[in-house]
Amino acid sequence: MGTDLRRFPTVKHFTSWMGLCPGTKISGGKVLSSATKRCSNRAAQALRMAAQALRRSQSALGAYHRRLCARMDRPKAITATAHKLARLIYFMLTKGQPYVDVGQQYYEDRYRERVFQNLTKRAHTLGFQLIPVAVVV
């Protein structure tokens, strides 16, 4: 892979080369498969191992991985987390942006806000209004 990523014009090219992006086998408008392509890229294998280690991490990436594990099976969640790590690496090497971990609590708070905003929009389209309830401890 190296540190010079000029041969990859976008992050999508980079993650596709690593074999971490979903495939698109479509025939007649029907999705036949969306599995990632088989690839023996060592960097992708290292990122998958790093993603698997994030399962017990108390970081924002660890919270992201655990949320994906709850929603889908573990191998798909590992590949999706490795894809996120590959995107972070691409931006760190091309733009010189440092990675700053915001923490697990910040990630969970932002996720909760997104879920609440989506529920509010959905309730509004259905003609309802959400009213927060005070939590009694």
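## A walk through the helices

Just after helix α4, Gly 96 takes a positive phi of about 70°. Helices here are DSSP runs of H or I with at least four residues, numbered from the N terminus. This is a predicted model, in which local features need pLDDT of at least 70, side-chain atom pairs count only at pLDDT 80 or more, and totals for chains, interfaces and linings use all residues. Residues are numbered from 1 along each chain as its sequence is written, and side-chain values use heavy atoms, leaving out hydrogens and water.

Let us start with helix lengths. The expected span of a helix is 1.5 Å times one less than its number of residues.

| Helix | Residues in helix | Span between end C-alpha atoms | Expected span |
|---|---|---|---|
| α2 | twelve | 17 Å | 16 Å |

Now look at α2, residues 42-53. Its buried residues are Ala 43, Ala 44, Leu 47 and Ala 51; buried means under 20% relative accessible area, exposed over 50%, and partly exposed in between, with a 1.4 Å probe and protein chains only. Turned away from the buried side is a face with the exposed residues Arg 42, Met 49 and Ala 53. The cover over the buried residues of α2 includes α1 (11-18), α3 (60-71) and α4 (74-95).

Next comes α3, where Ala 60, Leu 61, Gly 62, Ala 63, Tyr 64, His 65 and Leu 68 are buried. Their cover includes α2, α4 and α5. His 65 has a relative accessible area of 1%. Which residues does His 65 contact, leaving aside neighbours within four places in sequence? They are Ala 51, Leu 54, Arg 55, Ala 77, Ile 78 and Thr 81, where contact means heavy atoms within 4.5 Å.

In α4, the buried residues include Ala 77, Ile 78 and Thr 81. Among the elements covering the buried residues of α4 are α1, α2 and α3.

Finally, visit helix α5 (residues 104-125), the place of Leu 119. Is Leu 119 buried or partly exposed? Leu 119 is partly exposed, with a relative accessible area of 48%.

Note on methods:
Helix = DSSP H or I, 4+ residues; strand = E, 2+ residues; numbered from the N terminus.
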